[in-house]
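Here is a short report on one protein model. Please look at the sequence and the fold before reading on.

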Amino acid sequence: RVAAARGPKLPPAVDGGKPARCRHRVRNTHRAATIRRWLVATYGLERLAKGSGVLEVAGGKGEISFQLVKINGVPATNVDPRPGRLGNYRRAWQWGFYTRNRIFEHLDVRAETEAAVGAEAEPRLIRTFFEMDNLRRSRQTKAGRRVAAAAAAVCGEGAEPDERAPPQAVPRFALDGEAWAAQSERAQQYRWTNRGLVRLGPGKSDDGAAPAAGEGGEE
């Protein structure tokens, strides 16, 4: 009661001025939309939609990939050990929350190229860790030999690729089928909490099943 009567304790004054009663916070509510619009403005829809589209590494629940697919028709893949949680984003899309601001309507248009996907499409999810193996460690695998051959073509015949050029790297899960299975199984042992990404106990796995590659997760 005494503390309440004295009022809230204020932080010390800065540069002799009045003490600040609160600090400014940067809100991240629309960060996914901001990044997506920056991608569209910087690279253009035609370039983003080329090939297999955009690869989002450590994309969390996959909101950026979801917006790229649904709003801009750009194929997108999210690589993250967490299961995809798209339920809230689907509801926001159905209610038109992502395209309400007319200031950005020129960036909220769909791609009109052959590689563009329809509004019914979903972002792909690869539930695994995106860890890299350098060329020297992966040279014995099929994928590693392909990378080594490409590096040798750049460096010249008979040259050691990782001595004449910067080391090439490939994601560990892409080395071979065994590595893919091991990394996918490992991702099942982690769960996202308020403390971040934590590993579950031995023999335990996340309750959320990992969607197959090419499918979006449920909330």
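This is a predicted model: local features need pLDDT of at least 70, side-chain atom pairs count only at pLDDT 80 or more; totals for chains, interfaces and linings use all residues.

Residues are numbered from 1 along each chain as its sequence is written, and side-chain values use heavy atoms, with hydrogens and water left out.

**The sheet**

Three strands form an open sheet in the order β1-β2-β3, with parallel pairing. β1 and β3 stand at the edges with a single partner strand each, so one side of each has no neighbour in the sheet. From one strand to the next, the twist averages 20 degrees. Strands here are DSSP runs of E with at least two residues, helices are runs of H or I with at least four, and both are numbered from the N terminus. Two strands pair if DSSP finds at least two bridges between them.

| Strand pair | Bridges | Bridge partners |
|---|---|---|
| β1 and β2 | four | Leu 55 and Thr 77 |
| β2 and β3 | three | Val 79 and Ile 126 |

β1 spans residues 54–57, and its side chains alternate. Val 54 and Glu 56 point to one face and are buried (under 20% relative accessible area; exposed is over 50%, partly exposed in between; 1.4 Å probe, protein chains only). From β1 the chain crosses through helix α4 (residues 63–72) to β2, in a right-handed β-α-β crossover. Right-handed means that, with the strands pointing away from the viewer, the path from the first strand over the helix to the second runs clockwise.

**Helix α4**

How many residues of α4 are buried? The count is 10 of its 10 residues. They pack against α2, α3 (45–48), β1, β2 and α5 (87–94). Just after α4, Gly 73 takes a positive phi of about 70 degrees.

The axes of α4 and α2 (residues 31–43) come within 9 Å and cross at roughly 55 degrees. Axes are lines fitted to C-alpha atoms, for helices over the stretch in contact, and angles run from 0 to 180 degrees between N-to-C directions. Contact means heavy atoms within 4.5 Å. Among the residues making it are Ile 35 and Leu 39 of α2 and Ile 64 and Leu 68 of α4.
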